[in-house]
Amino acid sequence: MAFKPAGLDHVNIYVRNAERSLRWYTDLLGLHTQDKAYVQETGKLRAAFLACDPGHAHDIALFEVGDDALGPQKGQVGLNHVAWRMANLDDLAEIYQRLKDRGVSLHVADHTISIGIYFSDPDGNGLEVYYELPRSQWKREQPFTGAKDEEKGRFPGPWDEVLHPPAAAAR
């Protein structure tokens, strides 16, 4: 093949209420609102385009489908989650605390080369925020297969309380 994509660029997701989702994504993740589309007849927000970097068109688009729309169903074919890479562990710790402060249900996973915090938006769309070690620190060729438990624990932070409950309590 003479060509390949330069990278994965953005995702469009359906939400029940675009206004609510716009507030949620900008308040929680600090995303920049690049553009909004309105229903011409009613003036109601139909879609919002958000970006991590104001110099980029968008990373995620939120399209309203209405309050009665079914949410994602467990075990059905479709998108599992959208992941947001954080620049460092301090940024990940900050968003972890924001999620906890808002009472958002979450799951933390140490993947040996990265640590991920999994949660859902108000419409049940799966999300992850994570930090990944630089490639030179992976200590392996393949990032996920063959990981050993002793390789875990390179990501100290406030999530220790859920990753290592007895160790966190002993401190």
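A: Buried means under 20% relative accessible area, exposed over 50%, and partly exposed in between, with a 1.4 Å probe and protein chains only. By that scale Glu 141 is exposed, at 65% relative accessibility. This is a predicted model, where local features need pLDDT of at least 70, side-chain atom pairs count only at pLDDT 80 or more, and totals for chains, interfaces and linings use all residues. Residues are numbered from 1 along each chain as its sequence is written, and side-chain values use heavy atoms, leaving out hydrogens and water.

Q: What does Glu 141 meet in a salt bridge?

A: The side chain of Arg 135, at 3.6 Å from N to O. A salt bridge here is a side-chain nitrogen of Lys or Arg within 4 Å of a carboxyl oxygen of Asp or Glu. Arg 135 is partly exposed, at 42%.

Q: How many salt bridges does the structure hold?

A: Six. One of them joins Glu 64 to Lys 44, with the closest N and O atoms 3.0 Å apart. That pair links distant parts of the chain: Glu 64 is in strand β4 and Lys 44 in the loop between β2 and β3, 20 residues apart. Helices (H or I, at least four residues) and strands (E, at least two) are DSSP runs, numbered from the N terminus.

Q: And which network is Asp 123 in?

A: A network of salt bridges that links Asp 123 with Arg 16 and Arg 20. Asp 123 sits in the loop between β7 (114-120) and β8 (126-132).

Q: Is Asp 123 buried or exposed?

A: Buried, because its relative accessibility is 5%. Its side chain makes polar contacts with the side chains of Arg 16 (3.1 Å) and Ser 21 (3.3 Å). A polar contact is a pair of N or O atoms within 3.5 Å; within protein, one must be able to donate a hydrogen and the other to accept it, and residues adjacent in sequence count only if both atoms are side-chain atoms.

Q: Changing topic, what order do the four strands of the open sheet take?

A: β1-β4-β3-β2, with mixed pairing. Two strands pair if DSSP finds at least two bridges between them. The edge strands, β1 (11-15) and β2 (32-38), each pair on one side only.

Q: Which strands does α1 touch?

A: β1, β2, β3 and β4 (60-64), as α1 packs on the sheet. Contact means heavy atoms within 4.5 Å.

Q: Which residues of α1 are buried?

A: Among them are Ala 18, Ser 21, Trp 24 and Leu 28.

Key
Axes are lines fitted to C-alpha atoms, for helices over the stretch in contact, and angles run from 0 to 180 degrees between N-to-C directions.
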